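User: I would like to go through this structure step by step. Could we begin with how the chains are arranged?

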Protein chains: 4
Amino acid sequence: MFLNNKLFTFTFLLFSYAMSIRIFITGGTFDKEYNELTGELFFKDSHLPEMLKLGRSNINVEIRTLMMIDSLGMTNEDRQLIAHHCETAKEDRIIITHGTDTMAETATVLAGKIKNKTIVLTGAMIPYKFGSSDGLFNLGSALAFVQTLPGGIYIAMNGKYFSADNVRKNKQTGMFEELSK
Amino acid sequence: MFLNNKLFTFTFLLFSYAMSIRIFITGGTFDKEYNELTGELFFKDSHLPEMLKLGRSNINVEIRTLMMIDSLGMTNEDRQLIAHHCETAKEDRIIITHGTDTMAETATVLAGKIKNKTIVLTGAMIPYKFGSSDGLFNLGSALAFVQTLPGGIYIAMNGKYFSADNVRKNKQTGMFEELSK
Amino acid sequence: MFLNNKLFTFTFLLFSYAMSIRIFITGGTFDKEYNELTGELFFKDSHLPEMLKLGRSNINVEIRTLMMIDSLGMTNEDRQLIAHHCETAKEDRIIITHGTDTMAETATVLAGKIKNKTIVLTGAMIPYKFGSSDGLFNLGSALAFVQTLPGGIYIAMNGKYFSADNVRKNKQTGMFEELSK
Amino acid sequence: MFLNNKLFTFTFLLFSYAMSIRIFITGGTFDKEYNELTGELFFKDSHLPEMLKLGRSNINVEIRTLMMIDSLGMTNEDRQLIAHHCETAKEDRIIITHGTDTMAETATVLAGKIKNKTIVLTGAMIPYKFGSSDGLFNLGSALAFVQTLPGGIYIAMNGKYFSADNVRKNKQTGMFEELSK
């Protein structure tokens, strides 16, 4: 019942640090900042590089910003663009930072189009710049999940991973949960 | 060549959130605090529960403090105690927070004694209380690795995982690295 | 030309720590928090007690929340209420935490009504909870100014104090400045 | 009984923002950092400029680092050097950042040598870099006190100011207090 297949272990360790990971940034709470003149939240640059540095990450990553938007404003066209970049990326393992509100929707779109890649969407409930963010925790878990999960589209939030076809954000609690258990 | 076995995926998702994880705390930089009267670093309580809350973790974990020590002062007896707790824990998936200086040594001891469990050691270079800690990132990655890696003893640091028999801390850089590549 | 009057010094030191200071809270950026479910900023409780504790303040203060509002929404009625509380407070030295947008306007109203008390308005450009706030710095300076300035209505921002009749917030820079120099 | 002398007020406001303040840095907990390779605290650069920026300070200051030491290791020679710089500085208003352990001793030395200048010593119980520091609060109050107190040597800690001849650090509580009340 326990996953302890020798061949599996071997494959895992063999691939491990030849591994290169692509990170696509799409915005979301993760990267929001506070505009002290207007009192509003806005996007400037992504904090991903700073977060990876703080985490002393030593993994080979390529970061590219695709858009910097609130996920409530993400259109189907935006999702097609994300899917296109996932398809054409040379990497097989991809993290997408994304607003939490429509993260599950984007995961579904990707699940319909991308095969044979491990794609992990993650985000944050509190902006990284606000000091008490869950972003660093989520990034750490997303980086680990993307290295170890088999091909498929996943969401990494709340210390867990969810398959794209079995996840929703609970609007009352802000937590991600499985549709069925 | 890519891990996309249907059965594997199924097994993964089936087990996932029935999963219960044990966390053993042993001290290390992770949990150090600053004594403002003496100017020295010391241990009080573990920050693990606070960190899991900040990360909005929704995973079923059991936390137990085994010791609160600097890993340079960890004796063989201490390591036997940790191994004993790993063996007798009812959980198959265990995280150990540990000082980084002798983390690889403890991993080796555990590798010689524990079979058929996934054990992930992690820690931090900067105390969690100091604001700029890598601890939250490492905890997120350790939680993800412990859920997805096959049976074995691992170290999760710098966004990577290392097998117990192939890792050392580079004293010059503070980074963990493989002995051979 | 330098203020080094012996009698003055004597008076200062004599009064100093019999001194009791009143703090009135009215809201403003100072006390805003981030609602992770809606992505909006809101007011809950004041962070003043926590800030004074962090600053290891040992001054005798009485804190009272008069309102918890954005200063752009402050009405003349609100300002009359603040003035009333300043007049009837038993303390001669009063700090008011206030949104920066209309802080100068409230100072003007108070200057027209309160005599023989030292009243210092202060606030923040970044919420205290966001980690990179100027609030703690401003609170430290306001507490010092209120102990040392002669009777009058002042604004303490940007490390400076301004007399109520000679100050405005520069909307472009977010800095407070004198009307005339 | 209340300080509301018109001439005094006038003098205060007249001088205010022609005012230039000198800051001398001597080290202390304020500026300590954590060496993640050795686990020890050490000095690198001062965080004063960063702190003033965080506080959005708009005051004309000249910063100079005289030494970067733990105040327990401060010699009489060091104190003479500080006194010399205070005497020869062109500014009449000077802040000295200093370790708290012997802050009162340095204040006494300065009180014996410097006349007609307002000098405020301040420091912190927790390093600025540790996130939960009292440093920003103390710096805000020191900047305010140095602008408003008459000539003399003072310590600004715990939201209060103390005259050099009437202050000690309570080693049990870490708080500064008057010798006599």
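**Symmetry and contacts**

Analyst: Chain C can be laid on chain A with an RMSD of 0.0 Å, by a turn of 180 degrees and a shift of 0.0 Å along the axis. Such copies are superposed by least squares on the C-alpha atoms of residues with pLDDT of at least 70 in both. The two copies are thus related as by a two-fold rotation axis.

User: Which residue of chain C comes closest to the rotation axis?

Analyst: That residue is C:Phe130, at 2.0 Å by its C-alpha.

User: Before we go on, what kind of model is this?

Analyst: This is a predicted model, in which local features need pLDDT of at least 70 and side-chain atom pairs count only at pLDDT 80 or more, while totals for chains, interfaces and linings use all residues. Residues are numbered from 1 along each chain as its sequence is written, chains are lettered from A and ligands numbered from 1 in the order in which they are written, and side-chain values use heavy atoms, with hydrogens and water left out.

User: What does C:Phe130 pair with?

Analyst: C:Phe130 forms an edge-to-face aromatic pair with A:Tyr34, at 5.5 Å centre to centre and 85 degrees between the planes. Rings of Phe, Tyr and Trp (its six-membered ring) pair if their centres lie within 6.5 Å; planes under 30 degrees apart count as stacked, over 60 as edge-to-face and the rest as tilted.

User: Are those two residues buried or exposed?

Analyst: Both A:Tyr34 and C:Phe130 are buried, that is, under 20% relative accessible area, where exposed means over 50% and partly exposed in between (1.4 Å probe, protein chains only).

User: Which residues make up the ring cluster?

Analyst: Ring pairs link A:Tyr34, C:Tyr34, A:Phe130 and C:Phe130 into a cluster. Over all chains, the structure holds 14 aromatic pairs.
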